[in-house]
Amino acid sequence: MPEFDVSGDESDSSYVSYDEDDELREALAKGLLKPGLNVIPKDKQEPVNNVPKLKSALETLILKAPWVERLDLVNDLAPLTPELAIQIEKHEQKRENQFKGNKKIPYVAPQSDPVLNDFKREILFHRQAQAAVVEGIKRLHELNIVTKRPDDYFAEMAKTDEHMQRIRKVLLAKQEGIAKSERARQLREQRRIGKLIQRQATEKRDEERRKMLNDIKKFRKGKLSNLDFLDDDEEGGAGGAGRKKKNAGRGSANKKQPNAKRKAKNAKFGFGGKKKGTKRNNKESFLNDGPKKKAGMKKGGGGGGAGGKRLGKNRRAQMKSRGK
């Protein structure tokens, strides 16, 4: 900030210009600026690789205690199990599918993919922990240290039963949420597949209908000499005739049955059908003397109405008038 000397008159005052930006520019040009705009003089800078101080710091970090108290190990990685290899392959395939299905995410090679690298790094930690456990148990057994708890060992739990019940409820709720989301995903997938199949069937039916109409037009114009395509359509094509034949058969099978009232009337009055000539004799009724014989054909035929020959029309009319 500019400073003014107010001891004398304004005309006699000496104006002192002090610009901090100029000083910062000079420090930046000399390479003395560090993060935070702090200027560190060169004479006060310490060397980066101070070996004595690094060794002393390392000595303070080392715990001078027996190995049983430290339990530190430096070992190689455990062999990759087939389960982990399959899991890595599935993770890579899932990541590849994400790139294929989403055009907004730019493609990244598996070697430089941070997501896959984080997953593989966790697998390395897991394998190193496995190898450390195996080697550590072996060394403890060599020192005659028991690694398994006795069968009669009893120890109070660090957490109360109420706390464990809350944890159990949370885990159950999480499992139910995962199962619900999985069911919803399966339903969406089934719905998508159903729509795809329906669309394919519709397109196929439309294509067959268009083909049949084109064949009909060609036949009308004389380009086709036969109608074999109609026979193919009747056998089950998508033109409509085959469906009509199927629907006709299905309608005869699903014919409406009569109700109880209709059945009772049929049992009382008959089932309809042919009624003319039902009392006429045939060969079997004549030989067996069946019920279809007429009154004038009874055995022991005599005269009159007692099994004899039938009277004439006028005579029958006279007898009816006498009866009245």
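Colleague: In which helix is the place of leucine 58?

Modeller: This is a predicted model, in which local features need pLDDT of at least 70 and side-chain atom pairs count only at pLDDT 80 or more, while totals for chains, interfaces and linings use all residues. Residues are numbered from 1 along each chain as its sequence is written, and side-chain values use heavy atoms, without hydrogens and water. Helices are DSSP runs of H or I with at least four residues, numbered from the N terminus. Residues 51-61 form the helix that holds leucine 58, namely H2.

Colleague: Is leucine 58 buried, partly exposed or exposed?

Modeller: Buried means under 20% relative accessible area, exposed over 50%, and partly exposed in between, with a 1.4 Å probe and protein chains only. Leucine 58 has a relative accessible area of 48%, so the residue is partly exposed.
Its surroundings also matter here. Leucine 58 belongs to a nonpolar surface patch with Leu61 and Ile62, where a patch joins nonpolar side chains (Val, Leu, Ile, Met, Phe, Trp, Tyr) within 5 Å, or like charges within 9 Å, among residues with over 30% relative accessible area and no salt bridge. By the Shrake-Rupley method with a 1.4 Å probe, the area of this patch is about 320 Å².

Colleague: How far apart are the closest N and O atoms of lysine 120 and glutamate 92, and which helices hold the two residues?

Modeller: A salt bridge requires a side-chain nitrogen of Lys or Arg within 4 Å of a carboxyl oxygen of Asp or Glu. Lysine 120 and glutamate 92 form such a bridge at 3.5 Å. Because the partners are 28 residues apart in sequence, the pair ties together two parts, H5 (residues 114-142) with lysine 120 and H4 (residues 82-101) with glutamate 92. Relative accessibility is 31% for lysine 120, and glutamate 92 is likewise partly exposed, at 31%.

Colleague: What is the distance between the closest N and O atoms of arginine 185 and glutamate 182?

Modeller: Both residues lie in helix H6 (residues 161-221), three residues apart, about one turn of the helix. An α-helix has 3.6 residues a turn, so residues three or four places apart point the same way. The salt bridge between arginine 185 and glutamate 182 has a closest N to O distance of 2.5 Å.

Colleague: Is aspartate 215, the partner of lysine 211 in a salt bridge, buried or exposed?

Modeller: Lysine 211 and aspartate 215 are four residues apart in H6, which means a separation of about one helical turn. Their side chains meet at 3.4 Å, N to O. With a relative accessible area of 12%, aspartate 215 is buried.

Colleague: Where does asparagine 144 lie, and what is its phi?

Modeller: Most residues other than glycine have a negative phi. Asparagine 144 is found in the loop between H5 and H6, and at 72% relative accessibility counts as exposed. Although not a glycine, asparagine 144 has a positive phi of about 60°.
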